[in-house]
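Hi everyone, thanks for making the time this morning.

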Amino acid sequence: MCGRYRDRRPPDDGRVQQFAPMARWTIDDVNRHAPDPKSLAAARKLARPGPWSDTGSTDTLVWGKCQGSGSTPYQVSVDLTGPAFKCTCPSRKFPCKHGLALLLLWVDGDGAIEDVTEVAGFASDWQADRVERAARTVARADRATSEPADPEARAKRLAQRLERMDAGVDDFERWLCDLVRDGLAGARQRTYEQWDATAARLVDAQLPGLADRVRSMGGDVHRRADWTDHLLTEIGRWFLAVSAWRRRDELATSQLGDLRTFLGWSVATDEVLAGRTVDDTWHLLGVHRTDDGRLQAQRSWIRGTTTGETAVVLDFAAVGGALRTAQVTGSMIAATVAFHEGAAPARATFVGEPRVTGRSTDLPAPTSFVDVLDLHAGWIAANPLVGRLPAVVRAAVAVDDRGSGLLVDVDGAGMPLAVGVDPWPLLAITGGHPTDLFVELDQGAARPLSVVVEGSLVAV
Amino acid sequence: MTAIDWHDLRAAAVLGSARRPLRPTIAAGVVVPDGDTVERSMLTAAALLGVQRRSGARAVAVGGPSEPAPVDDRSEASTAATQLLELVLAGNVVRAADSMPIVEHWFTACAAAGRRVPDRSLVDVLQRAQSSAALRPLVLGVLGERGRWLARRHPAWREWASLDDEIPTHERFAAMSTKERTAALRSVRAVDPAAARALVASTWVDDRAADRSAAIGAFDVGLGPDDEPFLEHALDDGSKSVRDAAKSALDRLPDSDRGRRLAAALAPLISVHGLPTRRRVELASLPAEADTAALERDLMVGNGVTVLRSLVVHAPLPVWERSTGRTPTDLLAMTTEPPGLRDLWALAAAAQQDTAWAIAVADVTGNTAPLAQCVGPWSPEDTRRVLSIAARDRSPESRVASLAESLARCAHPSVVPVLEEWLGSLGGSPVALVNQLRRLIKILSTRTAVTEAFR
């Protein structure tokens, strides 16, 4: 190895070229990286500062957070030397529209990536676009109500549906009775396929709400330490729904609404829009989003600042599609809201396009668990079928000796965190100090969706 | 009339009505309709009692909340710095395997700026430190009150971050396991090496050899001239593993007494001969009257030949330049007597982590092993020399690949334009080299971005 290469010299200077990626990109450079024209079109729509926050760039890297339809913004970064794209969105396109949009914004955003204070022009475009969409939605709703489908065909379809549901409820009742006769211990021996088969029959009978509950029970009986209590409570609730369905003619409209929600018989949008509506500024308390690989589902809890009424807005979309309610937790939303039939806290739908008027940094009327559970007892009495319920509590996040998380309120009353909630990030941001949290309570456990830390409301 | 409660119902339902039929007539104070089947009665009771149970749910008293986190007097790292950290930890900037030098730089810069890890990043940082023991002393320096409070509550993090005070008492230290002691020493050394030495001294005479050598191993963190007396003392230890650990640490303190003793023994043996165009560097044998016993203690070797070899490897390398008035590159280019001297210099450059010699060895002989041992940081000129050595290698891609780690760790960020120029001149191939250079540019420019974010 002794000095054999000593006479070799670095490559001749004449061949040295300017290294292209370090120069500022052009729009054409970005266009070349689009997987297809559709992605590029989607990216162009996102290439404005509105959805972006925490943006920045170095010589080799551009990054930012893009508010998509969920509570957590997508984290996007582009490495200019590759270029390589990273994005936390579930899109299978590569690069996805967020990466392209970020580059477009960086290339042609009039300095928006460096200096996010100059967004007024873009933001107003965004606003105008949303207003236009709102107008379209209302027009669609008007058409729907003014041109009802053929009433005869409608009645026929309804009769068919009721027939299928009746048969499905009868079948399900026999299944419940068999379960009780054979004993709950036997239920634990059943395979997932057996639970799924029952769920599939319920889907065929147009009872998808029940089907979901039966399907998840297949896992719960193995996962949960309190599975006997849980299963017995659930089959009691299922039987309650069966009995209520048999006597549906005697139910009040609100009770029938709750039953339909439980069974999964959705109400047509035009029917909801024709029902009770409330005009208010709504405080978006918290958002929960799930994604089963095919479908994204989102529930957004809102509370009227004038009425104090709490409601939940549900949104569904195919994975990769856009959910309609894409507001940031803490948003104050001026909107007309149409309530579904049912006891409080009812499901609600925005009439037209909601307009964000500001952001709140806190949560309204935090209380202790005693008060929360009293309130919930009233709600459960009004609707025994109800599942998860919302609450604003003032409590400290804590972990026990085994590392399980719990909330401890000012009276020293504790509530475990729901299965799957990681207590450590919550503990880190709250430091174990009493904090206002928005939580969903379900089956004796809490799922925090937002928390007030250092004067701002943060999505969990 | 049979009024039943939840427990009666559950007991019957678990067994099943076929084996234990139960016909409730009153459940939750409500009359269960008569004339139904046993199963329907039980289901009705389940519905009634279930609602009663749910609406009657009470939160469990768990006593007062535990002690909340104390107030931090240091403020959090800036938003820009935090975003960079999040991106790097998430593997969004460089591959996870490449992120170490950037992450280390972030923590060092954060500590130097008197800032701490922001609350929202604590979990990510603690998880990273959990999987990388080398990061822990750096992390402990920037956790702040909130981070330490959090780590003490976690079953895994508390093992290495559970010090109740930053510096444990001697009694507590004495009661720790070897693993705990090493963790404690490394974290204390990061802030106060003297206090760490005092801890080691407090248990030294009673410790087993394994504990003593582990304790000396922790001197890696914040090694400095003040450590010399203790290490010198450890050279006389009864255990070879302790002596080896002390020797290895002292090798990296060339200005120590031991270093001077070795240099003094070596200097008279060095000479340069021959015509200006054909110089030859010679190393004489140890004179008969040399105090080999003292050398054997410093070097921990036995017979004469090995002592001489070992002396070259462990005596501070600058003695060669002082004795001959020539640069390392000049010396390496000469013929040597004995012939194996170059290999010994390479070993010395690696053991002493001497950048100038490591570069010269690579420059003249092509052996880059000593460079790979460097801890840096390298000056801009040193970095440029390393790059030009790699560039003129017959296989620059394998040379850069073998130096990838030390380049990422030690290279000065100001060489990014040099790398870009090189990259531009390649025109896209060989692909392996292009990728290595891009990767290095990315690492270095991110390091610069981190530095700027803390300015």
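Before anything else, a word on naming: helices (H or I, at least four residues) and strands (E, at least two) are DSSP runs, numbered from the N terminus. This is a predicted model, in which local features need pLDDT of at least 70 and side-chain atom pairs count only at pLDDT 80 or more, while totals for chains, interfaces and linings use all residues. Residues are numbered from 1 along each chain as its sequence is written, chains are lettered from A and ligands numbered from 1 in the order in which they are written, and side-chain values use heavy atoms, with hydrogens and water left out.

Let's begin with two loops of chain B. B:Pro338 belongs to the loop between β7 (335–337) and α20 (341–351) of chain B. For context, most peptide bonds are trans, and most residues other than glycine have a negative phi.

That brings me to A:Gln443, which is not a glycine and yet has a positive phi of about 50°. You'll find A:Gln443 in the loop between β13 (435–442) and β14 (445–453) of chain A.

Now, the interface. How many residues of chain B are in contact with chain A? With contact meaning heavy atoms within 4.5 Å, 74 residues of chain B touch 71 residues of chain A. The area buried between the two chains is about 6400 Å², and carbon and sulfur atoms give 62% of that; buried area here is the accessible area (1.4 Å probe) that two parts lose on being put together, summed over both. B:Leu43, B:Arg54 and B:Arg392 supply 11% of the area that chain B buries against chain A, more than any other three residues.

The strands take part too. In one of them, A:Gly414 has B:Val60 as its partner.

Next, salt bridges: a side-chain nitrogen of Lys or Arg within 4 Å of a carboxyl oxygen of Asp or Glu. The count over all chains is 48, and five of them cross the interface of chain B and chain A. A:Asp374 and B:Arg58 meet in a salt bridge, at 3.2 Å from N to O.

Within chain A, A:Arg276 and A:Glu309 form a salt bridge with their closest N and O atoms 2.8 Å apart. A:Arg276 lies in the loop between α11 (269–273) and β5 (277–291), and A:Glu309 in the loop between β6 (295–304) and β7 (310–318), so this pair ties together parts that are 33 residues apart in sequence.

B:Arg116 is buried at 8%, and B:Asp119 is buried at 6%. Their closest N and O atoms are 3.1 Å apart in a salt bridge. Finally, one network of salt bridges with shared partners joins A:Asp170, A:Glu173, A:Arg246, B:Asp36 and B:Arg40.

Conventions: Two strands pair if DSSP finds at least two bridges between them. Buried means under 20% relative accessible area, exposed over 50%, partly exposed in between (1.4 Å probe, protein chains only).
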